[in-house]
Amino acid sequence: MKVPQVLDDDTSQTANPAAWARLRDMVAARTPVDGRTDALYPGLRCYRFSRPARYEKTQRLTPGVVVVLQGRKTVHLGGHRRSLDYGAAQCLVLGAEAACLGTVVAASAEAPYLAIHLDLPPDVLVKSFVALAESGALAAEPARVTENFTAPVAPEVIDAFARLLLAADDPVERRTLAPLSVEEIVLRLLRSEAAAAIRSAGAVTRAGARIQAAIAFMRRHLDRPLSVAEIAGHVHMSPSHFAHSFREVAGVTPMRCIRDLRLEEARVLMLGAGLRAGDAAAKVGFESAAHFNRAFRRRFEATPAEYVRRVQSG
């Protein structure tokens, strides 16, 4: 797939400059300091950098979409063998779990780098892909498929992100309206050339219902140990076939999916119910507080205690 030419940092490059500027301003208002700022909605975060910066550590990113609203960035994916450069009015689509080393190359105090990132929930991906595949509404698959690529951002995606950010601020809307915006973003990506990068339509159609059932089973049993063999047995698949199909359809391994579901639930319990880190970890199935702390820090770039203080003070 040919990577589209990077657009200049100019709202005139977008189909709806007013909507793009609105989302940019919303992200700017929600990032009081440089670095990463997590929204209360799972998998949604914003970034600000007031000067060029390099992520020294390699991050392990799940399927997701990054929309740059100001500035420019370069990322090295898959062991740094491939480099992608993208700027304002473009997005980076991550179609599968990937190692990522990023460099913000255009940013200043007057015009900071601003971006919004959404992890694409595996269950929403699978459900949406199956529905579109069955209706024949998926975008045509190109001759050559790449799992990660950059592309201009559709104005409908910009609008959906704005609604998602607003809904994430309100407890009621976060539970009711925010998931609808996430589903819209996923559906619109899957009706674009991103569909081929995110997943194979054939694989999803064959295994989609079982993978959906597997993720639902994981969610119901986060409070106890789960193995690939047990989950595979629940959906009547062999462990090896299940693990391969899950990775092919959802973009992550089953164990990575379980871990991320547990971390998100623990985050909700600490922020929403006021649980201490150890209590939240035990409630979502982490057998070791040390393991929970390490996993939490890798995902949220802070210890549980630091993270709660940061969100509550923001």
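Student: What should I know about the model and the numbering before I start?
Tutor: The model is predicted: local features need pLDDT of at least 70, side-chain atom pairs count only at pLDDT 80 or more, and totals for chains, interfaces and linings use all residues. Residues are numbered from 1 along each chain as its sequence is written, and side-chain values use heavy atoms, with hydrogens and water left out.

Student: How many helices and strands does the protein chain have?
Tutor: Helices (H or I, at least four residues) and strands (E, at least two) are DSSP runs, numbered from the N terminus. Here there are 13 helices and 11 strands.

Student: Which order do the strands of the six-stranded open sheet take?
Tutor: Two strands pair if DSSP finds at least two bridges between them. The order here is E1-E2-E10-E5-E8-E11, with antiparallel pairing. Strand E1 (35–38) and strand E11 (148–152) stand at the edges, each with a single partner strand, so one side of each has no neighbour in the sheet. On average, neighbouring strands of this sheet are turned by 20° against each other, direction ignored.

Student: How many bridges join E8 and E11?
Tutor: Five, in the antiparallel sense, with E8 covering residues 90–94. Cysteine 91 has alanine 151 of E11 as its bridge partner.

Student: Which strands does helix H1 lie across?
Tutor: Axes are lines fitted to C-alpha atoms, for helices over the stretch in contact, and angles run from 0 to 180 degrees between N-to-C directions. Contact means heavy atoms within 4.5 Å. H1 (residues 17–29) lies across E2 (44–49), E5 (64–70) and E10 (113–119), at about 95° to E5.

Student: Is proline 32 buried or exposed?
Tutor: Buried means under 20% relative accessible area, exposed over 50%, partly exposed in between (1.4 Å probe, protein chains only). Proline 32 is exposed, at 63%. Its place is in the loop between H1 and E1.

Student: What lines the largest pocket?
Tutor: Rolling a probe the size of a water molecule over the atoms shows where empty space is left. On a 1 Å grid over the protein atoms alone, a pocket is an open set of points where a 1.4 Å probe fits, with protein on both sides within 12 Å along at least five of seven lines; lining residues have an atom within 4 Å of a point. The lining has 34 residues, with Tyr41, Pro42, Glu264, Arg267 and Val268 nearest the centre. H10 gives the largest share, nine residues.
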